[in-house]
Amino acid sequence: MTIPENALFAGVAALGFAVLFNIPGKLLGLCVLAAVVGHAARGVAMSMGVGIEVGTLLGALVIGMLAEIFSRRVHTPAMVFAVPAAIPFVPGAFAFNSMMGFATIAATGGEVDPSVVSAALANALRALLIVG
């Protein structure tokens, strides 16, 4: 997926979470903007060779800065913008793959391929590092 596509889908996800959290309609655009710019920043960082963990940190910093700017302009708490914009950063794929690996390990009993253990642990560690 390209950086603009990823940013666009992050904006759609942020819009959904903002609506779910009952953010006033006049603020929805700023929530989407924070998500799009933050996810684009992560994508650009990752395209320059930075790992997903550091890229996510940079994207979250961008979202946090934008949330502070928006909050001062419209006199609304920054969390209103930051939370819906940052939720799409949650590493669902890594967490899912680690749980599938652990389920495979549990299902096989004592005989397990070391690559399955390694992949499950690596995915779990990445998910934890991204979430913080």
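How many aromatic pairs does the structure hold? The structure, which is a predicted model, holds two aromatic pairs, where rings of Phe, Tyr and Trp (its six-membered ring) count as a pair if their centres lie within 6.5 Å, with planes under 30 degrees apart taken as stacked, over 60 as edge-to-face and the rest as tilted. Local features in this predicted model need pLDDT of at least 70 and side-chain atom pairs count only at pLDDT 80 or more, while totals for chains, interfaces and linings use all residues. Residues are numbered from 1 along each chain as its sequence is written, and side-chain values use heavy atoms, with hydrogens and water left out.

**Overall fold**

- The secondary structure of the protein comes to six helices and zero strands, where helices (H or I, at least four residues) and strands (E, at least two) are DSSP runs numbered from the N terminus.
- Read from the N terminus on, the order of elements is α-α-α-α-α-α, and the C-alpha atoms fill a box of roughly 60 × 35 × 25 Å along the principal axes.
- Of the 132 residues of the protein, 32% count as buried, a class that means under 20% relative accessible area, as against over 50% for exposed and partly exposed in between (1.4 Å probe, protein chains only).
- Among the contacts with a separation of 6 or more, 63% are accounted for by residues 24 or more positions apart, and contact here means heavy atoms within 4.5 Å.

**Packing of α1 with α2**

- Two packed helices are described by the angle between their axes and the distance between the axes.
- Helix α1 (residues 3–20) packs on helix α2 (residues 28–47) at an angle of about 145°, with the axes 8 Å apart; axes are lines fitted to C-alpha atoms, for helices over the stretch in contact, and angles run from 0 to 180 degrees between N-to-C directions.
- The crossing of α1 and α2 is right-handed, a crossing being left-handed if the near helix is turned anticlockwise from the far one by less than a right angle, and right-handed if clockwise.
- The residues of α1 that take part include I3, A7, A14 and V19, and those of α2 include L28, V32, H39 and R42.
- By class, this contact of α1 with α2 has 14 nonpolar, five polar and one charged residues, with Ala, Val, Leu, Ile, Met, Phe, Trp, Tyr, Cys and Pro counted as nonpolar, Asp, Glu, Lys and Arg as charged, and the others, Gly among them, as polar.
- In the loop between α1 and α2 lies N22, which has a positive phi of about 60° although it is not a glycine, and which counts as exposed at 65% relative accessibility.

**Packing of α3 with α4**

- The axes of α3 and α4 come within 8 Å and cross at roughly 145°, and the crossing is right-handed.
- From α3, the residues I63, A67, F70, S71 and V74 meet F81, A82, A85 and A86 of α4, a contact with eight nonpolar, one polar and no charged residues.
- The loop between α3 and α4 holds A78, which counts as buried at 16% relative accessibility and touches A67, E68 and S71, not counting residues up to four places away in sequence.
- H75 also lies in the loop between α3 and α4, where its phi is near 55°, a positive value in a residue other than glycine, and H75 is exposed, with a relative accessible area of 71%.

**Nonpolar core and an aromatic pair**

- The largest nonpolar core has 18 residues, and those with the most contacts inside it are I23 and F81; such a core is a set of buried Ala, Val, Leu, Ile, Met, Phe, Trp, Tyr and Cys residues joined through side-chain atoms within 4.5 Å.
- The elements that give two or more residues to this core are α1, α2, α3 (52–74) and α4 (79–86).
- Leaving aside neighbours within four places in sequence, I23 is in contact with A18, L28, C31 and V80.
- One of the aromatic pairs is formed by F70 and F81, edge-to-face at 5.7 Å centre to centre and 75° between the planes.
- F70 lies in helix α3 and F81 in helix α4, so this pair ties together parts that are eleven residues apart in sequence, and both F70 and F81 are buried.

- S98 lies in helix α5 (residues 92–108), counts as buried at 2% relative accessibility, and touches A120, N123 and A124, not counting residues up to four places away in sequence.
- G101, also in helix α5, counts as buried at 10% relative accessibility and touches V116 and A120, with residues up to four places away in sequence not counted.
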